[in-house]
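This briefing goes through a few features of one protein chain. Please look at the sequence and the structure before reading on.

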Amino acid sequence: MRFNKPHITGNELQYISKVLETYQLAGNGIFTKKCHDYFESKYNFRKCLMTTSCTDALEMAALLCEIEPGDEVIMPSFTFVSTANAFVLRGARIVFVDSRSDHPGMDEDKIESLISPKTKAIIVVHYAGVACDMEKISKLANQYNLLVVEDAAQAIDSYFVNRKGQKRALGSLGHFATFSFHQTKNLTSGEGGLLVLNDERFFERAEIIWEKGTNRSAFFKGEVDKYGWVDMGSSFLPSEITSAFLWAQLEQLNNIQNRRVSIWKAYYDGLKDWAGCNNIRLPVIPSYATNNGHMFYLVCPSFHARKCLIEFLNDNGVKAVFHYQSLHSSEFFKEKHDDRVLENSDKYSDCLLRLPFYYDVDESSIIDLLLNFNEELQNK
Ligand SMILES: *Cc1c(COP(=O)(O)O)cnc(C)c1O
């Protein structure tokens, strides 16, 4: 059984044909606008710009943060390389924070001591679609006048619940947020992404950067009478074909999300007792977070135990995989990292295991298989 498989909802080709009929294949057409409107109204995002990937959206966010060489940005070490690369490309110094002991998200209480006069931004990553404590982070950002970027690549349709019980969508809380529609995410267009802007100060410049440094968007809205090169920029907007594909997925969002959350619950309920007996930890969802069914992971008691479990599953035809290697100890970064030990991040690098997770996965046979894995096997 494979680890991941994109879910095709059925209307993708029909919408792509519609695009072909219009001969408007480049970006920012009907489907791009439909996607923007959908996200803005459903999740209360202030302004949306579709991008060719989440990596691209992060690079746009770094440009909009006006990061300059020597500026510092704070982010978790247990994340994907794109979170860091976007800021490395601008010359930033990356200051990595450890993960929490109860889950792989960044430890909000360890941020403040890392803030210096050079700090420009905090980059939060909602790992597995589970919210970071955005109340704590926004408070720090206000106090020290920092920008907040949410790397919400895994966090579509997930929420932060504040102390009054009010729910706000992840992606609506930072100055910027970035989403991914890569084929491994809940919704997909193969490759694809979204930049969300929640602060009006950045709207105009974002459209310019998105359109290769020109004021083309303002021109087509009739706001200026000619367009030209007005700022730096790059090619960030996706083709209409990509947005048409994504539109077919958005129509099925509730159905996709219901199925994914039910897979997550089946894994959780089916494996709870087994995990306890094997000293394995299941995912934790804090009271201020919701579950968007992005991923199901196990935290094994040791590197060795994880290796045995991966082998056991692979021997039985089930592909299970580990996840990030801490960025602070990567080949590229280890010489640049200060000497802080980030023990939780390293623990998740060594001990976290992800189970197959996709729309038509056969979760019950994976649960049955795992229930047959016991210490005897572990000691083989
Ligand atoms: C998937 C992912 C990305 C990259 O998304 P792309 O759309 O493939 O560029 C970035 N950050 C995190 C946390 C991710 O999970």
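In this predicted model, Arg46 is partly exposed, at 42% relative accessibility. The side chain of Arg46 forms a salt bridge with that of Glu200, with 2.8 Å from N to O.

**Salt bridges**
- The structure holds 19 salt bridges.
- Glu200, the partner of Arg46, counts as exposed at 53% relative accessibility.
- Asp360 and Lys5 also meet through their side chains, at 2.8 Å from N to O; these two residues are 355 residues apart.
- Asp360 is partly exposed at 46%, and Lys5 is partly exposed at 31%.
- In the salt bridge between Arg201 and Asp199, the closest N and O atoms are 2.7 Å apart.
- Arg201 is exposed, with a relative accessible area of 61%, whereas Asp199 is buried, at 17%.
- Lys47, Glu207 and Lys221 belong to one network of salt bridges that share partners.

**The sheet**
- Seven strands form an open sheet with mixed pairing, in the order β1-β9-β8-β5-β4-β2-β3.
- β1 and β3 are at the edges with a single partner strand each, so one side of each has no neighbour in the sheet.
- From one strand to the next, the twist averages 20 degrees.

**Strand β1**
- β1 pairs with β9 in the antiparallel sense over five bridges.
- Lys47 has Leu197 as its bridge partner in β9, and Met50 stands opposite Leu194.
- Both faces of β1 are covered: Lys47, Leu49 and Thr51 are buried on one side, Cys48 and Met50 on the other.

Technical notes
Residues are numbered from 1 along each chain as its sequence is written. This is a predicted model: local features need pLDDT of at least 70, side-chain atom pairs count only at pLDDT 80 or more; totals for chains, interfaces and linings use all residues. Side-chain values use heavy atoms; hydrogens and water are left out. Two strands pair if DSSP finds at least two bridges between them. Helices (H or I, at least four residues) and strands (E, at least two) are DSSP runs, numbered from the N terminus. Axes are lines fitted to C-alpha atoms, for helices over the stretch in contact, and angles run from 0 to 180 degrees between N-to-C directions. Buried means under 20% relative accessible area, exposed over 50%, partly exposed in between (1.4 Å probe, protein chains only). A salt bridge is a side-chain nitrogen of Lys or Arg within 4 Å of a carboxyl oxygen of Asp or Glu.
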